[in-house]
Amino acid sequence: MLTDAPLLPDTGEPGFGLYVHWPFCAAKCPYCDFNSHVRHTPVDQQRFTQAFLKEMDTMRSLTGPRTVTSIFLGGGTPSLMDPATVEAILDGIAARWHTPAGIEVTMEANPSSVEAERFCGYRSAGVNRVSLGVQALNDRDLKFLGRLHDVADALKAIRLAREIFPRMSFDLIYARPNQTVEEWERELNEAVSYAVDHLSLYQLTIEEGTAFYGLHKAGKLIVPDGDQSAALYEATQSITEGFGMPAYEVSNHAKPGAESRHNLTYWRYGDYAGIGPGAHGRISRDRTKIATATERMPERWLEQVEANGHGMVEHEILEREEQADELLLMGLRLREGVDLARWQQLSGRFPNPAREQFLLEHGFIERLGNSRLRCTPAGMLILDAVVADLAC
């Protein structure tokens, strides 16, 4: 069992994370393109637990002995798991890798599946950080987003999370249809007032394969245009900065020290093992980096693990140039920027001077001494274009 201790400090290193994917939800939200599935009969949690443990054995053989710096239980809706399931998963990780006391252990939860008894059970199992999928703070938009909870449920979940877990965060989606800057400012000020130290604030995007995609394509769902989205984004930065919760990543805001350690592992291009249906991983081995991905359909994943010891459908060795591109793509999302020496070591080259100078002159990027490069606030608005320009 993971022992309870004060959270270890962020060393600034990429770290090594474990991601476990619970793929089941009570309902499929119309904007969601994550690997989530609705089942109308009870899920055999004991059978899935044994499969998670079996796939851990395979991942342990790939990673070798490592010290875990963070664990993330994502989904889907992990708060649909029984506390005993969570405890078995965390115990399985601790039995296979070194898990120091005080590492961050996050679990995603939906307000509609929150009960105090279950939260206490997760806490006892070793979870020390919860991330709540609130998404909106008015009932009209919660209904539009297909959420099963209302604002009263959300506030109850926030209160319980603050009482039970040392750290908590919650998500909000903005740039919703017909949303004004003034409405979003009121909602965001309310969110910050709930004594949170971390918020994930995402612009609504229309992803192919979702219910919203079909409505949008048919002209039945209109989202804010580029100028309105930019105004909403700028209001987001202004309010969170004013409350001492600046963006440390494009969509994530925290008080100093409350940044998500697990997500920093992704953005700093660290290693992480992905376990469960549809989980991805990046594992360094023998001076190479392996990209892994598992079968997305839960039942097929389960059968493959039981037969083969894992559900991997991808196991690709990334070329150094591919690693450099991923490092740039992830690192420029961060306020701390990219370690240029590391990028140069992987890519075997320096940034194109002409392209870098163009971006510098237009105020889209800036140097932090000689060692780091980062996007400016203006650059964050066109992040994909900046990354594409620098990667050429």
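Student: Which residues of α13 meet α15?

Tutor: Contact means heavy atoms within 4.5 Å. By that criterion R355, E356, F358 and L359 in α13 meet V386, D389 and L390 in α15. This is a predicted model, in which local features need pLDDT of at least 70, side-chain atom pairs count only at pLDDT 80 or more, and totals for chains, interfaces and linings use all residues. Residues are numbered from 1 along each chain as its sequence is written, and side-chain values use heavy atoms, with hydrogens and water left out.

Student: At what angle do α13 and α15 pack?

Tutor: Axes are lines fitted to C-alpha atoms, for helices over the stretch in contact, and angles run from 0 to 180 degrees between N-to-C directions. Here the angle is about 150°, and the axes lie 8 Å apart. Angles over 145 degrees count as roughly antiparallel, so α13 is roughly antiparallel to α15.

Student: Which residues of α12 are buried, and which are exposed?

Tutor: Buried means under 20% relative accessible area and exposed over 50%, with a 1.4 Å probe and protein chains only. In α12 (residues 340–347), L340, W343, L346 and S347 are buried. Their directions from the helix axis to the C-beta atoms fall within an arc of 130°, so they line one face of the helix. On the other side, A341 and Q345 are exposed.

Student: What covers the buried residues of α12?

Tutor: The cover includes α11 (320–331), β15 (338–339), β16 (365–368), β17 (372–375) and α15 (383–391).

Note on methods: Helices (H or I, at least four residues) and strands (E, at least two) are DSSP runs, numbered from the N terminus. Angles under 35 degrees count as roughly parallel, over 145 as roughly antiparallel, 65 to 115 as roughly perpendicular and the rest as oblique.
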